[in-house]
Amino acid sequence: MFAKPKTVFVFRLPTQYPIVTIPILRKSRQSTYFAKRKKLKKTKKLNTKAPELKEWTYKDQHDWPRRYPDCGGRSQSPVNLPYTPLVKAKESRQLMFLNYDVLPKKLMLCNDGKRIALYGEWKPINQPLIYGGAAHSRRYLFHSLTLHRPSEHRIGGLQFPMETQVLFISAEYKSFAEAIKASLKDAQAFLGIVNIYKYDNHTQQGLEELLKAGTKRFNTSMSLLPLGFFTPPLQQYACYQGSLTFPPCTESVLWLIRAKALPITRKAMDAASSIFEEDHVGSCLREPQPLNDRRCKWWLFKMRSKSISLKVSASNTVASDAEQISKLRASQSPIAISLQRCPTWSSLDPLVFKGYWDNNSNGILVNTGQTAYFTFDTPSRPRLSGGPLIGEYIFEQMHFHWSVDDFTGCEHVLDGHGYAAECHLVHYNSKYQSLEAAVPHADGLAVVGYLLEAVDAPNPNFDMFIEGLEQIKKPDHSVALSAESLAWMNREDVTNGSYVTYKGSLTTPPYGECVTWIIYEKAVQIGSEQLGLLRQLEGADSVPIERNVRPTQRHPPGHSVIYVKQVKSKL
């Protein structure tokens with residue numbers, strides 16, 4: 001009798017990293033070669049072509065195994081995942097999501113009467129990519145995202161209101177068809193991510209956007225949004241080996257099921273009935289298949305994002321760059337920002353500040369009882385243009401936010417670092433008559449933010465402004481100041497430095513989401529004693545204003561912040 005081996009070595013070579021310069025859906029050399037041979041071959045061959053996939057329907061799914069033999073296999077999907085027991089995977093590589101926040105060139109939502117699917121087109125080097133975790137060293141490229149109502153997968157026997165399935169193809173295959181052909185020798189030619197949705201008081205923003213765009217049997221172009229907006233990266237997930245959930249039911253899919261369900265409202269579910277063509281709810285999905293002897297693994301990892309550089313070609317116009325930013329989803333402000341997670345842009349024109357510190361007009365500095373407020377008292381106002389802005393924005397006012405210490409006085413937080421104060425320059429779009437008229441519009445306002453860092457030595461560029469603060473300690477007091485008081489902004493390393501931009505809101509009532517935010521990365525240094533004069537300003541109750549900062553707001557899924565590196569100066 002032979003003894004059982006004590007050690008088994010398994011070697012898995014990583015797939016080639018998909019740095020490609022031509023579209024993924026190209027024809028491979030192998031397929032071109034055999035196509036030419038077929039033309040030369042005159043002898044009659046047996047017809048081995050699989051039946052057309054358009055012939056299948058969900059109504060006859062019990063007949064699928066007869067026409068599509070793989071549909072009768074022992075590793076079919078979807079399945080009913082048990083709560084327990086799940087095999088806990090040993091610590092390994094984390095699941096990595098690359099280019100999940102890169103804007104596509106095109107997005108299309110397609111409805112063929114059986115499935116509603118989202119397809120996208122990216123530059124070859126910017127295609128969304130997954131590797132690591134349960135996928136180990138293999139690289140998988142995004143193929144499609146499909147909607148199912150209710151869920152195809154079940155957990156502990158429970159069926160959920162909605163499910164989206166995100167399908168990826170292994171990078172060594174150039175198309176879906178090529179991956180299908182390779183499935184006989186490759187059990188993981190595909191990777192699928194399952195997002196389960198449960199009822200809540202709000203709907204995940206990506207799903208909400210899909211339901212708004214969907215129509216019956218129609219191909220709909222969608223707003224350009226990154227893939228992460230529709231399917232946020234995973235932190236924890238269950239994993240099992242399965243198949244495609246539609247013919248030909250190829251058993252070559254590694255399925256990852258999101259551990260934490262995403263939200264959807266009952267109202268959104270009711271609205272979804274208008275885009276799903278079905279005899280009754282649930283008639284357009286496949287029934288759960290036997291799990292058989294398959295084991296499900298439980299992976300617990302902390303998601304680690306990679307710094308992504310988004311490069312825009314010089315052939316794009318400034319308007320097209322700015323329009324992409326203008327279409328980003330807005331959020332409440334302020335927010336905490338991680339620069340490492342921001343896509344980097346360097347193709348935007350530099351910001352142009354016209355008539356600020358070099359203005360011949362005088363301004364007025366006022367203690368409003370809530371903040372220090374500066375504005376010009378003449379019709380001739382400074383103007384801001386360039387960068388992420390479309391058109392010109394007219395300067396309305398400048399104000400400050402601060403706190404009792406040197407670390408919590410800023411509203412925005414960069415890389416977890418707080419500052420003593422934050423200065424906001426508020427502008428309204430020149431196509432509107434006034435600030436009030438601009439607030440109701442998504443492109444109404446542009447706010448430039450400067451973070452103020454407290455240091456020991458005073459900043460002489462602030463002296464003129466500080467002298468004005470000494471005269472307005474009481475509420476409603478005001479003093480005239482010249483435009484030279486803004487000279488602290490006239491620095492090459494400040495005004496022309498790198499910044500982050502995003503679509504957000506006012507940080508004071510009415511909190512309208514009408515602001516294009518521009519926050520400079522480099523903080524402006526101000527002396528601690530100079531900063532102390534801000535904290536001495538009194539409010540309406542004659543008590544010093546200790547804090548006028550709004551807390552950071554929840555960063556919604558799919559919300560994008562762009563990191564901009566200015567490549568030249570223009571003043």
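## Histidine 399 and its surroundings

Leaving aside residues up to four places away in sequence, histidine 399 touches Thr371, Ala372, Glu422, Cys423, His424 and Val426. This description, like everything that follows, rests on a predicted model. Histidine 399 has its place in strand β23, which covers residues 393-402, and its side chain makes a polar contact of 3.1 Å with the side chain of histidine 401.

Is histidine 399 buried or exposed? The relative accessible area of histidine 399 is 13%, and because buried means under 20%, histidine 399 counts as buried. Glutamine 370 is 29 residues apart from histidine 399 in sequence, and the two are 9.7 Å apart in space when the distance is taken from C-alpha to C-alpha.

Strand β11, made of residues 190-199, is mostly covered, since eight of its ten residues are buried.

Strand β14 (residues 253-258) runs parallel to β11, with five bridges joining the two, and the bridge partner in β14 of phenylalanine 190 is valine 253. Strand β15 (residues 262-264) also pairs with β11 in the parallel sense, over three bridges, and here tyrosine 199 stands opposite isoleucine 264 of β15. In a regular strand, the side chains alternate between the two faces of the sheet.

## Backbone features in the loops

Most residues other than glycine have a negative phi, and most peptide bonds are trans. Against that background, the following residues deserve a careful look.

The peptide bond that leads from serine 77 to proline 78 is cis, with omega near 5 degrees, and proline 78 is placed in the loop between α2 (64-67) and β1 (80-81). A cis peptide bond also leads from proline 509 to proline 510, with omega near 15 degrees, and proline 510 lies in the loop between β28 (499-504) and β29 (515-520).

Aspartate 415 is not a glycine, although its phi is positive at about 50 degrees; this residue lies in the loop between β24 (413-414) and β25 (421-429), and it is partly exposed, with a relative accessible area of 45%. Serine 542 likewise has a positive phi, near 65 degrees, and is found in the loop between α11 (528-535) and β31 (562-564). With a relative accessible area of 47%, serine 542 is partly exposed.

Terms used. Residues are numbered from 1 along each chain as its sequence is written. This is a predicted model: local features need pLDDT of at least 70, side-chain atom pairs count only at pLDDT 80 or more; totals for chains, interfaces and linings use all residues. Side-chain values use heavy atoms; hydrogens and water are left out. Helices (H or I, at least four residues) and strands (E, at least two) are DSSP runs, numbered from the N terminus. Buried means under 20% relative accessible area, exposed over 50%, partly exposed in between (1.4 Å probe, protein chains only). Contact means heavy atoms within 4.5 Å. A polar contact is a pair of N or O atoms within 3.5 Å; within protein, one must be able to donate a hydrogen and the other to accept it, and residues adjacent in sequence count only if both atoms are side-chain atoms. Two strands pair if DSSP finds at least two bridges between them.
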